[in-house]
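Colleague: Could you take me through this structure? I would like to start with the helices and then turn to charged and aromatic pairs.

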Amino acid sequence: MRPLLALAALSFGLASAQTPGVLTIRFLDVGQGDAVLVTSPEGKSLLYDGGRSETRMQVLLKKYGVQSLDLIVASHGDADHITGLIPAVTLFKPKFFLNNGIAATTQTWSRLTQAAQQAGTQGLLARNQVINLGSVKVTVLPPPPGMPRDEQNVNSVGLLVQYGTFRLLMTGDSETPETQAWLKTYPASFLGPVDVYKSIHHGAANGDHLAWLQAVRPRNVVIGVGENNYGHPTAQALDLYKRMGAAIYRTDLNGTVTVTVQPGGKYAIAVERGPAVPKAATPATPPVSSPTRPTPATPLYRSCAEARAAGAAPLRRGQPGYNPALDRDGDGTACE
């Protein structure tokens with residue numbers, strides 16, 4: 001297990017402030033993609049991914065009254081996670097851009113890095129570190145060593161957001177090799193339980209798995225998903241979340257999902273539309289079945305002597321033990 005004592009501290013200047021207020025987390029409805037806006041009680045904001053539409057992101061930033069961004073984070077370099085970061089950088093010129101340090105070979109990535117350069121935004125390589133977003137503690141889960149450098153998903157940057165007792169975990173489009181490595185790096189007491197959990201890879205079949213979720217222990221799962229041809233979210237992922245007893249929220253069904261966290265950690269979840277999938281009911285205790293009593297075997301009397309010895313004679317047709325072979329006159333009564 002990698003020691004966490006070496007975590008570096010990075011402050012935006014208001015780290016010690018514990019002013020009354022709420023932490024607001026919005027899982028933005030960006031269609032098929034991820035974008036999560038985190039605003040501290042002091043008004044400090046970070047945007048974790050930006051979805052695949054620049055226009056959509058501009059609309060949402062205006063809708064939710066964003067005035068500034070202090071930090072943007074790209075979980076990894078895929079277009080459905082970084083495209084909306086381009087207008088966010090251009091509009092708000094955030095101080096830092098946290099990423100996995102692996103340049104995606106796409107025009108979208110080039111445009112994002114150019115926009116960050118023009119905005120004077122400083123690149124920040126993901127490593128074991130804690131970022132204080134006002135009074136909110138943000139712990140970075142960097143990609144574990146040994147992940148293939150040519151695969152963006154398994155180099156996703158994770159964030160654990162903590163405010164009081166409240167915990168939110170987001171891990172981009174991680175796949176099993178990365179989460180297995182994280183399981184070897186972090187103790188289960190660090191990973192879970194979490195109050196809110198962002199579904200990995202929009203509920204793909206190659207994202208969440210049982211061993212990982214048993215460590216994370218999510219109480220609520222939010223899936224960033226829209227119309228798609230990938231089958232997201234998959235039945236496998238939904239079944240896993242239900243098995244964990246978590247409530248499930250989906251941006252395609254619920255619109256933007258907003259979590260508000262009070263000082264101390266008490267939280268509420270609101271949706272833009274539609275109901276959340278209710279928590280799976282606690283499996284009922286299976287009824288205790290009464291012991292099965294063996295059905296008495298039909299007596300078989302080989303002779304009338306046996307029937308008389310058993311006190312069964314005479315035997316009438318329809319009675320247990322009636323044997324036509326012992327009813328010599330065929331009148332329906334044997335062993336008369």
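Colleague: Which residues are buried in α4?

Modeller: In α4, the buried residues are T108, W109, L112, A115, A116 and A119. Buried means under 20% relative accessible area, exposed means over 50%, and partly exposed lies in between (1.4 Å probe, protein chains only). Please note that this is a predicted model, in which local features need pLDDT of at least 70 and side-chain atom pairs count only at pLDDT 80 or more, while totals for chains, interfaces and linings use all residues. Residues are numbered from 1 along each chain as its sequence is written, and side-chain values use heavy atoms, with hydrogens and water left out.

Colleague: What does the face turned away from the buried side of α4 carry?

Modeller: That face carries the exposed residues Q107, Q117 and Q118. The buried residues of α4 pack against α2, α3 and β6 (96-99), where contact means heavy atoms within 4.5 Å.

Colleague: Why is α3 largely enclosed by the rest of the structure?

Modeller: Helix α3 (residues 85-92) is largely enclosed because six of its eight residues are buried. These are L85, I86, P87, A88, V89 and F92. What covers them includes β4 (45-48), α1 (54-63), β5 (71-73), α2 (79-82) and α4 (107-119).

Colleague: Now the charges. How many salt bridges are found in the whole structure?

Modeller: A search finds nine. A salt bridge is a side-chain nitrogen of Lys or Arg within 4 Å of a carboxyl oxygen of Asp or Glu. One of them joins the side chains of R273 and D29 at 3.5 Å, N to O. That pair links distant parts of the chain, 244 residues apart: R273 is in the loop between β16 (267-271) and α10 (304-309), and D29 is in the loop between β2 (23-27) and β3 (36-39).

Colleague: Is D29 buried or exposed?

Modeller: D29 is buried, at 11% relative accessible area, whereas R273 is partly exposed at 38%.

Colleague: What does K63 form a salt bridge with?

Modeller: K63 pairs with E272, and their closest N and O atoms are 2.4 Å apart. K63 lies in helix α1 and E272 in the loop between β16 and α10, so the pair ties together parts that are 209 residues apart in sequence.

Colleague: Changing topic, how many aromatic pairs are there?

Modeller: The count comes to four. In one of them, the ring centres of F97 and W109 are 6.0 Å apart and the planes are at 45 degrees, so the pair is tilted. Rings of Phe, Tyr and Trp (its six-membered ring) pair if their centres lie within 6.5 Å; planes under 30 degrees apart are stacked, over 60 edge-to-face, and the rest tilted.

Colleague: Is F97 buried or exposed?

Modeller: F97 is buried at 4% relative accessibility, and W109 is buried at 8%.

How values were computed. Helices (H or I, at least four residues) and strands (E, at least two) are DSSP runs, numbered from the N terminus.
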